[in-house]
Amino acid sequence: MQLVHGGDWAGFEAEYGCAPLDFSANVSPLGVPQGVQQAITTAAAGADRYPDPLCRTLRAALAQAEHVLPEWVLCGNGAADLIWRIATALRPHQALVPAPAFAEYEAALRSTGCEVKYCRLSADNGFAVDETFEQAITAQTEMVFLCEPNNPTGRTTSMPFLQRIADHCAEQGTVLVVDECFGAFLDDPQKHTLVPLLGQYPNLVILKAFTKIYAMAGVRLGYALCSNADLLQKLQAAGSPWSVSSLAQAAGIAALQEVKYVEQVRVLIREQRVLLANGLQALGLRVIPGEANYLLFQSQQPLLEPLRQKGILLRSCGNYPGLDNTWYRTAVRTNAENQRLLATLEEILQ
């Protein structure tokens with residue numbers, strides 16, 4: 001069985017008998033916050049009861065954090081769960097996705113028989129979303145996926161242009177799904193989000209997750225924000241009734257209190273992203289100027305297996321539409337870990 005995503009630490013451990021240094025998964029390098037760990041431990045005592053299928057306490061906490069109504073929040077088993085629910089519930093005949101972008105958009109859409117159209121982003125302009133994307137949204141486009149910042153490029157689209165796309169989708173009757181799962185890693189996340197505009201666009205769905213910024217990938221917790229009650233009801237009906245465990249709900253509530261932790265992560269990523277990008281460029285590698293906690297770069301020399309043999313996992317981007325095997329994505333981690341990656345790359349490239 002072939003895996004589509006990074007983060008296959010289990011496969012590495014099965015092969016080598018030890019844990020890898022994993023740059024293939026883009027999560028906080030500071031680990032699960034202590035408050036979240038304690039909340040999961042405490043919640044375990046009540047795991048004999050079914051979890052609240054409506055996630056009422058968690059939704060109320062999220063609504064307060066996002067400054068929206070609780071009725072606009074739907075929780076799921078990670079953002080991926082919600083992506084598949086969107087495709088299953090709405091079953092669009094034709095959808096538009098940027099290329100490259102997160103693979104689950106296309107996978108979920110194709111599982112329902114949807115025709116997926118690509119708007120191929122150009123390496124010449126750093127894979128930025130431009131006017132060609134807006135022009136590709138036609139009367140036949142029933143759904144559009146955007147990732148802000150994009151995965152794997154790390155690029156963001158200007159807010160005025162994002163709103164223009166939202167306006168165009170509204171005019172066409174197109175559902176616009178904006179994945180903001182990596183938005184928390186931006187230098188100023190509040191300046192790059194469509195959440196304040198949810199009330200203006202009932203066809204807009206915003207996806208977020210606890211996976212990345214809180215290093216809670218194993219917990220599986222994400223949420224959708226939308227002002228359209230009928231649309232959210234369809235998404236809820238498309239999933240299982242207990243998709244979010246009681247432990248995950250407790251973890252999410254605790255995570256929202258970890259304000260200091262989030263700021264520490266942002267400061268670390270802000271500093272290390274620049275240092276890692278400069279280090280990769282000094283090795284002669286082409287680096288896309290990403291704004292999140294990962295960097296897309298190009299190497300004409302194969303890197304995946306040589307790094308794996310030295311205990312380091314990197315994400316090959318050859319299976320992304322619009323990219324080939326010369327492109328790689330690396331997470332931004334701690335200074336010591338980033339320096340180890342750079343030193344190992346220098347050995348391989350020499």
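These are my notebook entries on what I looked up in the structure above.

**Entry 1: The model**

I worked with a predicted model, in which local features need pLDDT of at least 70 and side-chain atom pairs count only at pLDDT 80 or more, while totals for chains, interfaces and linings use all residues. Residues are numbered from 1 along each chain as its sequence is written, and side-chain values use heavy atoms, with hydrogens and water left out.

**Entry 2: Nonpolar cores**

I looked up the nonpolar cores, that is, sets of buried Ala, Val, Leu, Ile, Met, Phe, Trp, Tyr and Cys residues joined through side-chain atoms within 4.5 Å. I noted that buried means under 20% relative accessible area, exposed over 50%, and partly exposed in between (1.4 Å probe, protein chains only). The largest core has 80 residues, and Phe133, Ile165, Leu176, Phe210 and Leu280 have the most contacts inside it. Helix H10 (residues 259-282) gives the largest share of this core, seven residues. Helices (H or I, at least four residues) and strands (E, at least two) are DSSP runs, numbered from the N terminus. Another core, of 26 residues, lies apart from it and includes Ala95, Phe102, Phe145 and Val205.

I then listed the contacts (heavy atoms within 4.5 Å) of leucine 280. Not counting residues up to four places away in sequence, leucine 280 touches Leu285, Val287, Leu295, Phe297, Thr330, Leu342 and Leu345.

**Entry 3: Backbone exceptions**

Most residues other than glycine have a negative phi, and most peptide bonds are trans. I recorded a cis peptide bond between alanine 99 and proline 100, with omega about 10 degrees. Proline 100 lies in the loop between strand S3 (94-99) and helix H5 (103-111). A cis peptide bond also joins glutamate 148 and proline 149, with omega about 0 degrees. Proline 149 is in the loop between strand S5 (143-147) and helix H7 (159-172).

Histidine 67 is not a glycine, but its phi is positive, near 60 degrees. Histidine 67 sits in the loop between helix H3 (56-66) and strand S2 (73-76), and is exposed at 71% relative accessible area. Phenylalanine 127 also has a positive phi, of about 60 degrees. Is phenylalanine 127 buried or exposed? I found that phenylalanine 127 is buried, with a relative accessible area of 2%.

**Entry 4: Aromatic rings**

I counted rings of Phe, Tyr and Trp (its six-membered ring) as a pair if their centres lie within 6.5 Å; planes under 30 degrees apart are stacked, over 60 edge-to-face, and the rest tilted. The count comes to 10 aromatic pairs. In one of them, phenylalanine 210 and tyrosine 223 are tilted, at 5.9 Å centre to centre and 55 degrees between the planes. Phenylalanine 210 lies in the loop between strand S7 (204-209) and strand S8 (222-225), and tyrosine 223 in strand S8, so the pair ties together parts that are 13 residues apart in sequence. Phenylalanine 210 and tyrosine 223 are both buried. Phe102, Tyr105 and Phe145 form one aromatic cluster.

**Entry 5: Asparagine 125**

I located asparagine 125 in the loop between S4 and H6. Asparagine 125 is partly exposed, at 33% relative accessibility. Leaving out residues up to four places away in sequence, asparagine 125 touches Asp130 and Arg155. Its C-alpha atom is separated by 40 Å from that of serine 243, 118 residues apart along the chain.
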